[in-house]
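This report describes a single structure for a reader who has not seen it before. It covers contacts, a ligand, salt bridges and the surface in turn.

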Amino acid sequence: MTSVLILNGPNLNLLGTRQPEIYGSQTLDQISASCRVWASDTGLEVEIRQSNSESELVEAIHRAMNCHDGIIINAAAYTHTSIALRDAVQGSGLPCIEVHLSNVYARESFRHTSFIAPVAVGVICGFGSIGYRLALLAMQSLLNSGESKPSAS
Ligand code: DQA
């Protein structure tokens with residue numbers, strides 16, 4: 001069965017109470033439960049992880065090379081800072097879709113830069129938790145069509 005890693009970065013464990021006007025009122029556990037249903041509806045197996053540590057996120061991407069076919073990542077603040085995560089995604093050779101709950105382009109300018117987007121297949125932002133559902137659908141379609149190569153070298 002096609003398998004996807006959903007990786008969530010720092011502070012996303014605080015969803016539910018963290019700035020609900022921006023990120024919504026659902027907890028990460030609630031979003032993860034929805035992701036499991038959406039993945040099974042889409043015919044995908046899913047592993048869902050969250051870490052506040054950059055090195056743990058890098059290691060999760062490395063492990064994904066052995067057991068997953070694609071990565072959906074909300075790297076949260078590391079999106080805007082982490083060359084290590086970008087290199088891990090690129091080095092994994094796995095198709096990656098970047099997700100953000102909020103529309104980062106409607107927010108502070110430091111959120112307009114993503115180190116990961118250039119090595120991702122695509123980016124989904126601004127749709128709240130539904131963004132993960134869209135990403136799962138996109139990943140399923142990519143993996144079925146075989147057009148899953150990252151667009152940047
Ligand atoms: C976020 C957007 C990031 O800029 C921010 O640092 C987050 C969450 C989002 O899902 O909207 O922690 O990735």
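A polar contact is a pair of N or O atoms within 3.5 Å; within protein, one atom must be able to donate a hydrogen and the other to accept it, and residues adjacent in sequence count only if both atoms are side-chain atoms. The model is predicted, so local features need pLDDT of at least 70 and side-chain atom pairs count only at pLDDT 80 or more, while totals for chains, interfaces and linings use all residues. Residues are numbered from 1 along each chain as its sequence is written, and side-chain values use heavy atoms, with hydrogens and water left out.

**Glu 98**

A polar contact of 2.8 Å joins the side chain of Glu 98 to that of Ser 114. A polar atom of the Glu 98 side chain also lies 3.0 Å from the backbone nitrogen of Ala 117. Glu 98 belongs to strand E4, residues 96–100 (strands, E, are DSSP runs of at least two residues and helices, H or I, of at least four, numbered from the N terminus). Glu 98 is buried and has no salt bridge. The nearest side chain of opposite charge is that of Arg 86, 9.1 Å away. Buried means under 20% relative accessible area, exposed over 50%, and partly exposed in between (1.4 Å probe, protein chains only).

**The ligand**

Which residues surround the ligand? They are Arg 18, Tyr 23, Asn 74, Ala 76, Ala 77, His 80, His 100, Leu 101, Ser 102, Val 104 and Arg 111; a residue is listed if one of its heavy atoms lies within 4 Å. One lies 3.0 Å from a side-chain N or O atom of Arg 18, and a polar side-chain atom of Asn 74 is 2.8 Å from a ligand oxygen. At Leu 101 a backbone N or O atom lies 2.8 Å from an oxygen of the ligand. On its own the ligand has 320 Å² of accessible area, and the protein covers 99% of it. Accessible areas come from the Shrake-Rupley method with a 1.4 Å probe; for residues, only the protein chains shown count as cover.

**Salt bridges**

The structure holds three salt bridges, each a side-chain nitrogen of Lys or Arg within 4 Å of a carboxyl oxygen of Asp or Glu.

| Glu 47 | Arg 49 | 2.8 Å |

Arg 107, Glu 108 and Arg 111 are linked in a network of salt bridges. Arg 107 is buried at 17% relative accessible area, as is Arg 111 at 15%, whereas Glu 108 is partly exposed at 36%. Glu 47 counts as partly exposed because its relative accessibility is 23%, and Arg 49 counts as partly exposed at 42%.

**The surface**

Phe 127, Ile 130, Leu 134 and Leu 137 form a nonpolar patch on the surface, with about 360 Å² of accessible area together. Patches are made of residues with over 30% relative accessible area and no salt bridge; like charges are joined within 9 Å and nonpolar side chains (Val, Leu, Ile, Met, Phe, Trp, Tyr) within 5 Å. Ile 130 lies in helix H5, residues 130–145, and is partly exposed at 37% relative accessibility.

Asp 41 lies in helix H2, residues 28–42. Asp 41 is exposed because its relative accessible area is 57%. Asp 41 and Asp 69 are 28 residues apart in sequence, and their C-alpha atoms are 17 Å apart in space.

Key: Lys and Arg count as positive and Asp and Glu as negative; His and the chain ends are not counted.
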